[in-house]
Amino acid sequence: MHEHTIVLEGDSRIPDFLTGELQAKLAYVDEGILKATVPADGSRVVLTLREAPDAERARALEVKVRRVLEAMVRGAVRPRQKVLEDHLDRPVPSSADPMPALMERGEVVPEEQGIAALGPLPVRLIEFFERHFVELAEGFGARPYRFPTLIAASLLDRVEYFRSFPHSLTFATHLREDLDVIEGFAKDAHCRDEALHIDPTALSGIRALLSPAVCFHYYGALAGSQLEEGVCATAVGNCFRYESSNMTSLERLWNFTMREIIFVGPKDFVLENRELARSRVSPLLDDWGLAYRVEGANDPFFVGDFKKQVAFQSAFQLKYEIRALIPHRQGTLAVGSYNFHQDFFGRNLGITLPDGNPAFTGCVAFGLERMAYVFLAQYGLDSAAWPEAVRRGAG
Ligand code: AMP
Ligand code: ZN
């Protein structure tokens, strides 16, 4: 395999607030792209390809990349990056990438890109954080739920997920009920280059996907009902987002777990609880010694929807993220989010308030693998260096 690099000069400068999103989206432009980067000056796009393209293919690639630039960059307005809390300068003892040591000790065992088994060290940390998140949920009188890993295609359709996040979907299918098909598959099935070779016509239609979030299940469960008052629920579950070549380390997984605390009810009920949750989460993060910041954010919409949706989320302050410091790459990583969806789910799913109007929803979501990862990135693997509260609970 001969890697090959092509450089596309931009028509206009790519603003710094877009480079991360743009790099992530360029991974989906073509199967030949191994990596896409935008240098700090935003002047161009550098694509690392699997192999050298011929002239025609190079042109086709350029057209697709320019389409992305056109959709995401042209006319983009810097979102109001409101910072609500800033503890990024809290001193932390480690500046090493925890991944090599975690892999060497068998604490993280990659199975496929974006799929990893976790050993006792990260698991004890996750269980420790989880105990506190569950307690936090109980403080809101949250009703406990367990949701399936699969989610109905019809539910995702009703909440317009396909339009906004097509790139990250993971489909569930099975063999068609047909004796010849099933016997034929059993006889011939094999993996080549880590991919299962299969006749696509042997597969069923798609009625379910692997769930990309936890709270959709709760809104689905409430569909068509009238609430007497605001309700709160909590659940932890497997979530799936295909993040292409962006899946490296525990930072970005295909299969990860999320704890969510979900509020459904009148607008003030949801907004007040979102704020109350934030005021109760920060003391926990402080106890755990984390360096982090809470700031305005947006969801990773796909190219076509991106500009409009980001402007909308930013204008209405629909999403805040807890971004923890990653010392070894002098960056931050979202470990959790506070979301307000207005009455979007209430409207689309027919969840109503006593006055007949659609209910409002919001959720607080924590990425559990990322919690463990950022803690280890800031404090290292040796529990002797950990803050007292974490050492006692998870050391
Ligand atoms: P979101 O619903 O996008 O705000 O996600 C909630 C949280 O889930 C994020 O703050 C992350 O901590 C976590 N998360 C989202 N995507 C991934 C991923 N691909 N890998 C690991 N954790 C993720
Ligand atoms: Zn949610």
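What is the accessible surface of the protein chain, and what share of it belongs to carbon and sulfur atoms? The accessible surface comes to about 19600 Å², of which 51% belongs to carbon and sulfur atoms. Accessible areas are derived by the Shrake-Rupley method with a 1.4 Å probe, and for residues only the protein chains shown count as cover.

## Basis of the report

The model is predicted: local features need pLDDT of at least 70, side-chain atom pairs count only at pLDDT 80 or more, and totals for chains, interfaces and linings use all residues. Residues are numbered from 1 along each chain as its sequence is written, chains are lettered from A and ligands numbered from 1 in the order in which they are written, and side-chain values use heavy atoms, with hydrogens and water left out.

## Overall fold

The protein chain contains 13 helices and 18 strands; these are DSSP runs numbered from the N terminus, helices being H or I of at least four residues and strands E of at least two. Its radius of gyration is 22 Å, close to the 21 Å that the globule rule gives for 395 residues, so the chain is as compact as a globular protein of that length. The radius is taken over C-alpha atoms, and the rule is 2.2 Å times the number of residues to the power 0.38.

The C-alpha trace spans about 60 × 55 × 50 Å along its principal axes. Of the 395 residues, 48% count as buried, that is, under 20% relative accessible area, with exposed meaning over 50% and partly exposed in between (1.4 Å probe, protein chains only).

Ligand 1 has 15 residues around it, of which Arg241, Glu243, Leu253, Lys319 and Ser337 come nearest; a residue is near if one of its heavy atoms lies within 4 Å. The shell comprises 6 nonpolar, 3 polar and 6 charged residues. Strands β14 (255-265), β17 (331-340) and β18 (360-367) each supply at least two of the shell residues, and β17 provides the largest share, 4 residues.

An N or O atom in the side chain of Ser337 is 2.7 Å from an oxygen atom of ligand 1. Backbone N or O atoms also approach the ligand: one of Leu253 lies 2.8 Å from a nitrogen atom, and one of Gly336 lies 3.2 Å from an oxygen atom. Taken alone, ligand 1 exposes 480 Å², and the protein buries 92% of that.

## Gln23

Gln23 is found in helix α1 (residues 16-26) and is partly exposed, with a relative accessible area of 24%. Neighbours within four places in sequence aside, Gln23 is in contact with Ala36, Thr37, Val38 and Asn246, contact meaning heavy atoms within 4.5 Å.

Notes. A polar contact is a pair of N or O atoms within 3.5 Å; within protein, one must be able to donate a hydrogen and the other to accept it, and residues adjacent in sequence count only if both atoms are side-chain atoms. Ala, Val, Leu, Ile, Met, Phe, Trp, Tyr, Cys and Pro count as nonpolar, Asp, Glu, Lys and Arg as charged, and the others, Gly among them, as polar.
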